[in-house]
Amino acid sequence: MIDKNYKAGTQKGSANYDAVITLIATPKGKFPPQAGIIIEALVAAKGNTLTVGELVGTDGSTESALDKAGLKTVQTPNDIWTYYKARLVEEGLVTIS
């Protein structure tokens, strides 16, 4: 029997597109430009808050906040977020809930 409503569970390391990213501080001094684009996108967002899906886009059909902020790279917005996420949290710049 085939269940037409079957959905796979979340894969380890998969992005939670509903998680909320809140900017709580801006960096001081030297900072990687691509990480800076994440900060710029959050500065421009209403309430300095975006969901992960809004920041990186979810399915390619909508422009991500990173693209709107001027991200220029061959890497995807999700790759940039994944790479810098831990650093942004560790440095006390963002919270994720």
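Among contacts in the protein between residues at least 6 apart in sequence, what share joins residues at least 24 apart? In this predicted model, the share of such contacts that join residues at least 24 apart is 68%.

**Overall architecture**

The protein contains 4 helices and 3 strands. Followed along the sequence, these elements are arranged in the pattern β-α-β-α-α-α-β. The protein has 97 residues, of which 31% are buried.

**Packing of helices α1 and α4**

Two packed helices are described by the angle between their axes and the distance between the axes. Helix α1 spans residues 33-44 and helix α4 spans residues 77-90. Their axes come within 10 Å and cross at roughly 80 degrees. Crossing angles of 65 to 115 degrees count as roughly perpendicular, and α1 and α4 are therefore roughly perpendicular to each other.

Which residues of α1 and α4 meet? On the α1 side they are Q34, A35, I38 and I39, and on the α4 side they are I80, W81, Y84 and L88. Sorted by class, the contact of α1 with α4 comprises 7 nonpolar residues, 1 polar residue and no charged residues.

**An aromatic pair**

The count of aromatic pairs comes to 1. The pair is formed by Y83 and Y84, whose ring centres are 4.8 Å apart. The planes of these two rings stand at 85 degrees, so the pair is edge-to-face. Y84 also takes part in the contact between α4 and α1. Are Y83 and Y84 buried or exposed? Y83 has a relative accessible area of 63% and is exposed, whereas Y84, at 11% relative accessibility, counts as buried.

**A salt bridge**

Side chains of opposite charge can pair when their charged atoms come close. A search of the whole structure finds 1 salt bridge. R87 forms this kind of pair with E91, and the closest N and O atoms are 2.7 Å apart. R87 counts as partly exposed, with 31% relative accessibility. E91 is likewise partly exposed, its relative accessible area being 40%.

**Accessibility of the paired residues**

| Residue | Relative accessible area | Class |
|---|---|---|
| Y83 | 63% | exposed |
| Y84 | 11% | buried |
| R87 | 31% | partly exposed |
| E91 | 40% | partly exposed |

Key
Residues numbered from 1 in each chain as written. Predicted model: local features only at pLDDT ≥ 70, side-chain atom pairs only at ≥ 80, totals over all residues. Heavy atoms only, no water. Salt bridge = Lys/Arg side-chain N within 4 Å of Asp/Glu carboxyl O. Buried < 20%, exposed > 50% of the residue type's maximum accessible area, 1.4 Å probe, protein only. Phe/Tyr/Trp six-rings, centres within 6.5 Å; stacked < 30°, edge-to-face > 60°. Axes fitted to C-alpha atoms, helices over the stretch in contact; angles between N-to-C directions. Helix = DSSP H or I, 4+ residues; strand = E, 2+ residues; numbered from the N terminus. Parallel < 35°, antiparallel > 145°, perpendicular 65-115°, else oblique. Contact = heavy atoms within 4.5 Å. Nonpolar A, V, L, I, M, F, W, Y, C, P; charged D, E, K, R; others polar.
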